[in-house]
Amino acid sequence: MSYSLGIDLGTSGVKIVLVTIEGEIVKEVSKIHPIYYPQSGWSEQHPEDWWYSVKEGIKEILTDVESSQVIGIGVSGQMHGLVLIDKQGDPLLPCILWNDQRSYKETEYLNHKIGKNRLIELTGNIAFPGFTAPKILWVQNNHPDLFKKTKYICLPKDYINYKLTGQFFTDVSDASGTLYFDVENRKWSEEMMNILKINEDMLPKVYESYEVVGRTRDLLSQEFNIPIHTPVVAGSGDNAAAAVGASVIEEGTIMISLGTSGVVFTPQSKYRSDHQARLHTFCDGNKQWHTMGVILSAASSLKWWVEEIQEESYDTLLEEAIQSPVGSKGLFFLPYLSGERTPYNDPYAKGTFIGLSHQHSRGDMTRAVLEGITFALNDAFKTAAELGVPINKVRALGGGSKSDLWLQIIADVFGKPVEHCISTGGPALGAALLVLRGGEIKNNDKNFKNTVSVNKVVNPDRKKHQDYQIYYNQFKKLYKHLQKAFKEISTLIQ
């Protein structure tokens, strides 16, 4: 039996899967690592912690596996994080993570001094504090002497690949989230490098996600019980890998991930950027592109309502919500508990119930939460459709997709069939499949398409879809009415 090894470097931990050449997961292991918050709005991790988790996970998952059976390794990971490496190959600073907000001034500089339109022309995107480019400027502005010691600038998963192979490389999907990558032409942007005062020698060489670009170091073979010089593919960013794992790789099917945040992932056979910058435009793991909309509080909004506010079971509250009609009797919930990214890019936005009256029950409020999250996801869905991407069906995954009620609401709001995936491999599975796609086995894209079992298909109700358009249009108006108030409220919070 031959296996590929998929490693996903997440924010809270590492997940590793062992996958057969048919794409079946036979074993998986998870290891956690800490997150540090040294100041308000800061979020950091130590790359050494990641490597320790990866090493321990590999040792555990390969117990009782013959070394000759491992044919390759693929790594996916959290995007946008900044890892600065010195000439000895050691990190100069803790990694500044994707959810770190310290570079807001640098973000304003890029969006307003360089200009959003110019950024979109160069990279397909605008600046966010989460992206890598503003973080580089922040280090230059606050630790100039330290930045002078930088030999390499890389992303989180690229550091793991460096520890595996001794080489610095990245892939097109992860590079797309830096804001110094020309997404349309799949190469580093010379003009953005000039703006950031960096040169290409500081950046990893870029490959397609499935290309074999390195081999494991000799010292690791004995430590991990893997063959000498095991092939390592370039890997991908976490959402691109998740799409591969869910077989969402061709136009017509989109992926919705209902995790802590919510993601609407839309594959594209040709480059299309959103000139209003409501969606991110990135390269994908299959030599194409994708647009991606992100809402910051998806399943976390439901978790907040059920666990923290009601302190009740999910089954009880969801059963009550089933009794509530479409539109929750005119009650709306804006799921902006952490601000919002798509389509507003507004850190001041707040979570809101609006329309409450004596007629509303707890079930109405629970349903309003589900509908509000779905309306927010629909913003990204409709924007993708405006770009001309064909959308025939939706594939849902993540913890929130376990709710039959929520799947039905999504189908009714979007007006498209919703498939629920059984696979739990996520980005780690996608990373393992990239090995099968481009490794020495060379199965082309066969393994991308036949690895996911669909548990159920939820079809939309045509009448409910029509009704939901009325409620969605009202939902869209509420943010515009409240936008100024949200910012004013933020000044009152100490």
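I began with the contacts across the protein. Among those between residues at least 6 apart in sequence, 72% join residues at least 24 apart. I note that this is a predicted model.

**Overall form**

I looked up the secondary structure next. The protein has 16 helices and 24 strands. Then I checked the radius of gyration. A compact globule with 494 residues would come near 23 Å, and the protein has 22 Å, so the two agree. I also took the span of the C-alpha trace along its principal axes, which is about 70 × 50 × 40 Å.

**Surface and charge**

How many of the 494 residues count as buried? I found that 59% do. For the accessible surface I noted about 20200 Å². Carbon and sulfur atoms hold 47% of that surface. I then turned to the charges. The protein has 51 positive and 57 negative charges, and their mean positions lie 4 Å apart.

Ser4 sits in strand S1, which covers residues 3-9. Is Ser4 buried or exposed? The relative accessible area of Ser4 is 0%, and buried means under 20%, so Ser4 is buried.

I asked what the side chain of Ser4 reaches.

I then listed the contacts of Ser4, leaving aside neighbours within four places in sequence. Ser4 touches Val17, Leu18 and Val19, among others. Ile71 and Gly72 are also in contact with Ser4. The list also includes Ala432, Val435 and Leu436.

Definitions and conventions: Residues are numbered from 1 along each chain as its sequence is written. This is a predicted model: local features need pLDDT of at least 70, side-chain atom pairs count only at pLDDT 80 or more; totals for chains, interfaces and linings use all residues. Side-chain values use heavy atoms; hydrogens and water are left out. Helices (H or I, at least four residues) and strands (E, at least two) are DSSP runs, numbered from the N terminus. Buried means under 20% relative accessible area, exposed over 50%, partly exposed in between (1.4 Å probe, protein chains only). A polar contact is a pair of N or O atoms within 3.5 Å; within protein, one must be able to donate a hydrogen and the other to accept it, and residues adjacent in sequence count only if both atoms are side-chain atoms. Contact means heavy atoms within 4.5 Å. The radius of gyration is taken over C-alpha atoms; the globule rule is 2.2 Å times the number of residues to the power 0.38. Accessible areas come from the Shrake-Rupley method with a 1.4 Å probe; for residues, only the protein chains shown count as cover. Lys and Arg count as positive and Asp and Glu as negative; His and the chain ends are not counted. The place of a charge is taken as NZ of Lys, CZ of Arg, CG of Asp or CD of Glu.
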